[in-house]
Amino acid sequence: MAGAYNDRDGTIWMDGQMIDWREANVHILTHAMHYASSVFEGERAYNGKIFKSREHSERLKRSAEMIDFEIPWTVDEIEAAKVEVLAASGLQDAYVRAIAWRGAGEDMGVASARNPVRLAIAAWEWGAYYGDAKMKGAKLDISKWKRPSPETIPSHAKAAGLYMICTMSKHAAEAKGCSDAMMFDYRGYVAEATGANIFFVKDGEVHTPDPDCFLNGITRQTVISMLKDRQIKVHERHIMPEELEGFEQCWLTGTAAEVTPVGQIGDYNFEVGSLTRDIAEGYEQLVRA
């Protein structure tokens, strides 16, 4: 399946029904389109099974609560819908997107309490998020935009509005020939890439930013468990920009990114070393176990 995402064969689960892919539309006055009142999950299926599916469904529900709405489907119902979508797609390896949003209704100002909450789930083929970077290491720009303070936005929700500066940062990075951009947080600490968490290696130990103002990714948590199982010390802490020069290896984690080595961030270079390769290969084995 290829081409524009609105013009493909297949079906999408929408509000409890499987409908034709091309008919999965919303009204132009949908609240989420105007005010970013939506949350979503990106998930991957391997060999016909969604990795950590229930954790994603639970986070989707929590994200909605963080931005002040309740998804009118239970976690079990969302799980059943994802199984139905994956089966209908005919895919064994797939990317699965669940999205919940405030739809069109009686309200069209900032407030939208009277508008219905809607839910949709789709699945499609999606290869390596960073292309051949898994072999040679991704090249990252450093974004001018910073992850915001938790006092300004519910930063631990996987909410659409939080990705606006990520889109802008990734566009700027791609214009410079980079795959992505690394972002600092509002205090100036290293935070994450636009859609992935980040890890560094120094002297055989791993350092990763404390996710106190951005998403503590499910893949991030999985990789930390993998490292601890290997008896590798992991430091979850604030990382200053000047520390980048001293790190030897770097990788990104995320459902789309999986485990992707990083070869360069701005003027800083990293080797695609043995630990990076071991974690990338180990993750690939884990998700297909």
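Which strands does helix α3 lie across, and at about what angle does the helix run to β6? In this predicted model, local features need pLDDT of at least 70 and side-chain atom pairs count only at pLDDT 80 or more, whereas totals for chains, interfaces and linings use all residues. Residues are numbered from 1 along each chain as its sequence is written, and side-chain values use heavy atoms, with hydrogens and water left out.

Helix α3 (residues 75-89) lies across β1 (11-14), β2, β3, β4, β5 (94-102) and β6 (117-124), and runs at about 35 degrees to β6; axes are lines fitted to C-alpha atoms, for helices over the stretch in contact (heavy atoms within 4.5 Å), and angles run from 0 to 180 degrees between N-to-C directions. Helices (H or I, at least four residues) and strands (E, at least two) are DSSP runs, numbered from the N terminus.

Six strands form an open sheet with antiparallel pairing, in the order β2-β1-β6-β5-β3-β4, where pairing requires at least two DSSP bridges between two strands. Its edge strands, β2 (17-20) and β4 (49-50), each pair on one side only. Two bridges join β3 to the antiparallel β4, and Y46 stands opposite K49 in β4.

In helix α7, the residues L275, T276, I279, G282, Y283 and V287 are buried, that is, under 20% relative accessible area with a 1.4 Å probe and protein chains only, exposed being over 50% and partly exposed in between. Seen down the helix axis, the buried residues of α7 fall within an arc of 135 degrees, so they line one face, the arc being that of the directions from the axis to the C-beta atoms. On the other side of α7, S274, E281 and Q285 are exposed. The cover over the buried residues of α7 includes β3 (38-46), α6 (218-229) and β14 (258-265).
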